Amino acid sequence: MANKLLEVKNLKQYFGPANNPIKAVDGISFEIYEGETLGLVGESGCGKSTTGRSIIRLYDITDGEILFKGKNVLDTKSRKEMKEFNREMQMIFQDPYASLNPRMTAGEIISEGFNIHGLYKNKQERQARVAELLEAVGLNREHANRYAHEFSGGQRQRIGIARALSLDPSFIIADEPISALDVSIQAQVVNLLKQLQKERNLTYLFIAHDLSMVKYISDRIAVMYRGKIVELGEANEIYHHPIHPYTKSLLSAVPLPDPMTERMRERIPYTHEEPGETATIHEVKPGHLVFGTQQQINKWK
Amino acid sequence: MTQSKQQFDKIAPEMFTIVGGRQGETEKLSDKTVSFWKEVFLRFSQNKLAIFGIVVLVIVTLMAIFVPIFSPYSYREQLGIYNAAPSAAHWFGTDDLGRDVFVRVWQGARISLFIGITAAVIDLVIGVLWGSISGLAGGRVDNIMMRIADVLSAVPYLLVVIILLVVLKPGLIPMIIALSVTGWINMARIVRGEVLSIKNQEYVLAARTLGASTWHLIKKHLIPNALGAILVTMTLTIPSAIFTEAFLSYLGLGVPAPMASWGTMASEGNKALTSAPWRLIFPALFISLTIFAFNAVGDGLRDALDPKLRK
């Protein structure tokens, strides 16, 4: 098996007053192996984006451990260490309209990281690098002097991807990168992400709420519900043999492209079940983890 | 249902041929690049009222600078002709001490504009610092800083200003201090609001994941994006400072004689309203015109900067 690139252990992220916090992420653990894509799915507000932002340290986590390449990222205190960490891990954001500064040109946005890290001091080198990144995401080099509002949603998202690639990271958190785009552009962007993964040996944490898209891009899928990962496993395994009723419900909501079968599709409603105090992670098959009590899991099977 | 099934059966994959995509062509941007500020300028220049405001302000400023220099009379020189009506020699007439009103109006413009602009600049500096620190720091610091501003603004504004002027003795500097004591609060609130909304924008988060320092965030993201709101607030602060100055002078708390501001001139002219109305009309006219011009420019700027009007 490939090396573990990222290991999250019992990550907790609470917001609000300490005596009655909002438990956005409530003790989740998972690993991401080098070169793979882990899809993180769940409904709005279940803590997917918070998980991503906590891992990249946009939030100070409440509890838990995050190991990146075997090193605990919470130990990186000095600015120099932080910057090394920033170069390894980058993020692609959800809203292509909010994630680009309206006062900056595409070139300035992509080269922002160079300024921060003091790279490519020479002007020609810098322009060449920006042009290379623009072309890598399927844009023209002439686009460097354009402002964000001149681009379409899909083009903007590709500028966001170029920015994330600018520091040559090994791990990218894609926080719902396609949910604000229309379907044809979604496919374009997902294919671009796949192609870049192959070319640059990237590892992704792909956050989304669209299961069909996640299945297409991910090697493994984690299903998140109310701040907890309720099911985790190989993409095919989760897709074809779901165990947790929430996963089943999510899968039943995926629209089918064939009108005849779509008409037959039946939605499975999910009624919230308290997991109970004794609920833990159970490995029902090698690599297929389900959260619940033993009785619940027997019942679900 | 069977009918629709038949329809779908008719469409088979063999009926489609792949013609390929149009690579490159779709990514072209045809329009010329227009920077944000150029676009703002273009939109501003289409606003006739705002352009009129700019023209008025330029004329008033030029007159304030040059008339007192080139006029044959000085603003404090007593010419011996009292309360003379406007004529070729004295365009706006003379006052009860025999001083030329035309020169005094432009001398007054210097004082009024100086007070207005200085007060606005002081508001800008204090307000931007206070508001951005408060918004960036957040939490308890933000709470304390904003409550201080609330307390200050809860005390009636005029009361504060009048007490200060009485304590400090009327004059140019005390007037500016009095105007600035509470004037910065509005700016601080607006800047804080801007900072709060910008600092959670995804492009700021993106810069943070790239490893940006706080200073980098302020320089590259916060200031450029808050500049519009700051500029508008400032252009609207100047006329309110000019108006307050005129109002306080009218109450007798203005700059001491023989200095002239529009407010003091209007106050003195008021006494001769029936016998020599030009002594009130001209300063009052220029107060109104200047305030109107500043407001028109401020409104024009706000419209030009509003992203919702973007095509």
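1. Chain A of this predicted model holds twelve helices and twelve strands, where helices (H or I, at least four residues) and strands (E, at least two) are DSSP runs numbered from the N terminus. The radius of gyration of chain A, taken over C-alpha atoms, is 20 Å, close to the 19 Å that the globule rule (2.2 Å times the number of residues to the power 0.38) gives for 301 residues, so chain A is as compact as a globular protein of that length. Its C-alpha trace spans about 65 × 55 × 40 Å along the principal axes.

2. In chain A, 41% of the 301 residues are buried, meaning that 20 or more other C-beta atoms, placed from the backbone, lie within 10 Å of the residue's own. Among contacts (C-beta atoms within 7 Å) with a separation of 6 or more, 65% join residues 24 or more positions apart.

3. Beyond its neighbours within four places in sequence, A:Leu205 contacts residues including A:Ile32, A:Leu38, A:Ile173 and A:Ala174.

4. Residues are numbered from 1 along each chain as its sequence is written, and chains are lettered from A and ligands numbered from 1 in the order in which they are written. Local features need pLDDT of at least 70 and side-chain atom pairs count only at pLDDT 80 or more, whereas totals for chains, interfaces and linings use all residues.

Conventions:
Buried ≥ 20, exposed ≤ 12 C-beta atoms within 10 Å, placed from the backbone. Contact = placed C-beta atoms within 7 Å.
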